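Biologist: Could we go through this model together, with the cut-offs stated as we go?

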Amino acid sequence: MHMKSSWIRHAFFHLLYPHNCIGCGSDVISDENFLCLKCINDLPYTHYESHAGNPVEKKFWGRIPVTAAMSEFYFSKKSIVQNFIHELKYNGNKDAAHYFGNIMGKSLLENNRFNIDVIVPLPLFEKKEKMRGYNQAEILCNGISEILDKPVVRKNVIRKVSTETQTKKHRTERWKNVEKTFQVLDASLLEGKNILLVDDVITTGATIEACGAEILKIKNIKLYIASLAIATK
Ligand SMILES: [Zn+2]
């Protein structure tokens, strides 16, 4: 009887909160995980964290001085990574974002190239964050923070204008638009620190470059960059 009622409760819970793999949609997953075993085995890790001069770092060469940068996964169209990033950004799956933040934290921790004091999420435009209810980069930061045991500095670097509509413009034109997009409210909170700037997906790198350029105006800091995924052609 007891077993039966717990099974019913479990089935009911499952109905209320459908628990499917966020990579492929299969429902064969455990309660703790967000991915099925097949997707876990197929995750396209870059292992960039251990490679100086990796493609993320190269993106910023000649643009801004970045001490080290990494992306956890390769992003490609119609991949499991695209599916779970969609889940984090548009389906409000904060638990999954936290889980992927933990994965990033472990990669950073296992590597001595990343000597981090504080973690800063790439900010969303305030109105956009209100509409979405959260900033997915901030949830990734929470997951990273839990593993590195370093604080997340929130709402200190802000985004003053939305740049979403600029994505189809030419790179230099786009740069003019993102240049004045970000602002650091209280530089003293970040002075002298090794700062990890975190975003979900890096494509051209223009947005993170603009935000990084603003952060680099703070005295005596080192800038590190991490994203959940990198889009490669
Ligand atoms: Zn799956």
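Biologist: Is C36 buried or exposed?

Modeller: This is a predicted model, in which local features need pLDDT of at least 70 and side-chain atom pairs count only at pLDDT 80 or more, while totals for chains, interfaces and linings use all residues. Residues are numbered from 1 along each chain as its sequence is written, and side-chain values use heavy atoms, without hydrogens and water. Buried means under 20% relative accessible area, exposed over 50% and partly exposed in between (1.4 Å probe, protein chains only). Because its relative accessibility is 7%, C36 counts as buried.

Biologist: Which arrangement do the four donor atoms around the zinc ion make?

Modeller: Donors are N, O and S atoms within 2.8 Å of the metal (3.2 Å for Na, K and Ca), with water not among the atoms, and the zinc ion is coordinated by the SG atoms of C21, C24, C36 and C39 at 2.3 to 2.4 Å. Four donors count as tetrahedral if all angles lie between 85 and 135 degrees. Since the angles here are 104 to 116°, the arrangement is tetrahedral.

Biologist: What is the relative accessible area of C24?

Modeller: C24 is another of the residues that coordinate the zinc ion through SG. C24 counts as partly exposed because its relative accessible area is 46%.

Biologist: Which kind of aromatic pair do Y48 and Y74 form?

Modeller: Rings of Phe, Tyr and Trp (its six-membered ring) pair if their centres lie within 6.5 Å, and planes under 30 degrees apart count as stacked, over 60 as edge-to-face and the rest as tilted; by this rule there are eight aromatic pairs. For Y48 and Y74, with 5.8 Å centre to centre and 85° between the planes, the pair is edge-to-face.

Terms used. Tetrahedral: all angles 85-135°; square planar, octahedral: opposite > 155°, others 65-115°.
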